Amino acid sequence: MTIQPGITIIGGGLAGCEAAWQAASRGISVTLFDMKPHSFSPAHSTPDLAELVCSNSFRSDDCSSAVGLLKEEMRTLHSLIMSAAAETKVPAGKALAVDRHRFARFITEKMESHPAITVSRREITEIPAASVDHPLTILATGPLTSDPMAKSLQHITGEHLAFYDAIAPIVSADSLDRDIIYQASRYDDGPGDYLNCPLGETEYKNFIKELAAADKVPLKSFEKQKYFEGCLPIEVMLERGEDTLRFGPMKPVGLPDPRTGRDPYAVIQLRKENIAASHYNMVGFQTKLTYSEQKRIFRMIPGMEQAEFERLGSIHRNTFVCGPEVLLASLQLKKRQDILLAGQITGVEGYVESTAMGLLAGINGARLLQDKKIIIPPEITAFGALVRHLTETEPKRFQPSNINFGLFPPIKTKEGKKIPKRMRGTIRAERALEALQSWKRDLDEK
Ligand SMILES: Cc1cc2nc3c(=O)[nH]c(=O)nc-3n(C[C@H](O)[C@H](O)[C@H](O)COP(=O)(O)OP(=O)(O)OC[C@H]3O[C@@H](n4cnc5c(N)ncnc54)[C@H](O)[C@@H]3O)c2cc1C
């Protein structure tokens with residue numbers, strides 16, 4: 001294979017290594033920079049590339065789950081990270097978990113021994129200008145991007161770069177009790193865009209009592225308690241007074257309950273996550289409660305007793321761009337098309353999702369250099385659902401996301417009928433993998 005010049009990749013984490021592998025496998029020369037071991041982010045500690053900073057699990061490997069499907073799609077595209085996981089896997093039931101040291105070693109060796117990849121261990125403090133030898137840069141410096149690099153990116157993105165995420169839970173519409181929950185927008189006579197869960201005084205008081213006593217995820221040493229006022233965790237709001245939530249995200253005024261004709265004592269509003277209204281977001285409910293406590297306490301909310309959560313709430317230190325403002329679907333920056341983003345900095349969340357965005361950036365980078373058309377993955381695939389989330393979400397509401405079926409378009413039978421819930425995951429996976437195969441053929445041919 002002739003090696004063509006070249007892509008500079010900054011950040012040798014999951015996304016950077018996957019991007020390097022994809023580009024190099026397509027005959028592109030890659031220079032991959034990582035600041036380790038000279039400098040470490042607060043969460044990294046070993047010299048190897050592709051370090052897993054926390055859990056050693058890539059979550060479910062069951063294809064009928066969204067994250068299982070994404071992994072299968074990545075295998076179809078010969079993901080290096082998926083091969084490394086297969087080589088270094090440890091038993092973990094239905095999850096895919098790895099021996100983290102062997103995993104990182106495997107990937108580091110692949111990077112260091114690839115004839116088209118040069119690994120350079122140094123911190124890059126500025127996004128490079130495009131040059132003849134390195135016409136393209138992929139930035140994959142992750143959620144804990146070093147400060148000078150974050151500043152350099154901010155010069156391009158302006159205000160559309162965030163340093164913390166504030167994620168509210170998402171519930172599946174099917175699991176909500178519509179005899180209790182009612183549709184209404186505040187002070188609006190029309191049918192209303194929101195679903196509202198009404199709480200009486202006793203229910204509210206029980207709810208805040210449990211919330212105050214609930215287990216929270218401890219802050220990491222580098223996660224100073226520095227929240228933006230606009231996205232305070234609900235438990236922090238509660239510390240300010242027992243009515244703070246009732247005057248904030250649980251404000252009931254202008255939302256009369258049709259069963260009583262009066263405003264309830266407090267309300268939790270649910271906003272559509274997608275046009276199909278298959279999933280709803282708990283408005284203003286970002287939280288640092290542990291996942292098990294979120295499930296227990298949020299199921300105390302009237303109408304949410306059986307709630308099924310597609311995603312739970314969280315708040316992390318996280319450097320990410322507002323994709324819908326700054327990214328093209330190719331993952332190029334709109335303002336500097338010689339730069340692609342990859343990994344968690346694009347606004348996805350999680351090891352698998354970050355890797356997936358590295359994989360796409362690597363493919364797209366190679367295609368750009370080879371003057372080939374960028375082909376966006378079909379929206380019914382997990383890849384396509386993530387790209388759509390990054391580029392088509394309403395910018396004001398944009399927050400990072402794991403892959404979940406709430407990001408996919410709704411599915412129906414060929415006759416346009418609803419598919420029973422227990423079969424939806426499997427059918428989605430079959431359709432997505434079929435569509436991905438045909439996308440892959442297009443990539444190979446065009
Ligand atoms: C503390 C923490 C815990 C997490 N735990 C999990 C978890 O358990 N499960 C999960 O699915 N996701 C988790 N995530 C989310 C996320 O998926 C991972 O951080 C993932 O590793 C992101 O992949 P990435 O390739 O985008 O970035 P990273 O894997 O972080 O890679 C970025 C690389 O860039 C390098 N770098 C940074 N700045 C520079 C620079 N200026 N010059 C050169 N190199 C640079 C770093 O050394 C690093 O190697 C966690 C995130 C954090 C911050």
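**View 1. The shell of residues around the ligand in the predicted model.**
The ligand is surrounded by 34 residues, and the closest of these are Gly11, Gly13, Cys54, Gly142 and Gly343. Two elements, helix H1 (14-25) and helix H11 (351-369), each give two or more residues to this shell, and helix H1 gives the most, with 3 residues. When the residues of the shell around the ligand are sorted by class, 15 are nonpolar, 15 are polar and 4 are charged.

**View 2. The packing of helix H2 against helix H13.**
In general, a pair of packed helices is described by the angle between their axes together with the distance between those axes. For helix H2 (residues 66-76) and helix H13 (residues 421-445), the angle is about 25 degrees and the axes are 10 Å apart. Because angles under 35 degrees count as roughly parallel, H2 and H13 are described as roughly parallel to each other, and their crossing is right-handed. On the H2 side the contact is made by Leu69, Glu72, Glu73 and Thr76, while H13 contributes Arg428, Ala429, Ala432, Leu433, Leu436, Gln437 and Lys440. Sorted by class, this contact of H2 with H13 has 5 nonpolar, 2 polar and 4 charged residues.

**View 3. The crossing of helix H3 and helix H4.**
Helix H3 (residues 80-87) and helix H4 (residues 100-113) have axes that come within 9 Å and cross at roughly 135 degrees, which makes H3 oblique to H4. The crossing in which H3 passes H4 is right-handed. In this view, Leu80, Ala84, Ala85 and Glu87 of H3 meet Phe103, Phe106, Ile107 and Lys110 of H4. By class, the contact of H3 with H4 has 6 nonpolar residues and 2 charged residues, but no polar ones.

**View 4. The surroundings of Gly303.**
Gly303 is found in the loop that runs between helix H9 (291-298) and strand E14 (309-311). A residue counts as buried if 20 or more other C-beta atoms lie within 10 Å of its own, and because Gly303 has 21 other C-beta atoms within 10 Å, Gly303 is buried. If its neighbours within four places in sequence are left aside, Gly303 is in contact with Leu176, Asp177, Ile180, Ile181 and Cys197. One of these contacts, Leu176, can be followed along the chain as well as in space: Gly303 and Leu176 are 127 residues apart in sequence, but 5.9 Å apart from C-alpha to C-alpha.

Conventions
Residues numbered from 1 in each chain as written. Predicted model: local features only at pLDDT ≥ 70, side-chain atom pairs only at ≥ 80, totals over all residues. Helix = DSSP H or I, 4+ residues; strand = E, 2+ residues; numbered from the N terminus. Buried ≥ 20, exposed ≤ 12 C-beta atoms within 10 Å, placed from the backbone. Contact = placed C-beta atoms within 7 Å. Axes fitted to C-alpha atoms, helices over the stretch in contact; angles between N-to-C directions. Parallel < 35°, antiparallel > 145°, perpendicular 65-115°, else oblique. Left-handed = near helix turned anticlockwise from the far one by under 90°. Nonpolar A, V, L, I, M, F, W, Y, C, P; charged D, E, K, R; others polar. Near = placed C-beta within 6 Å.
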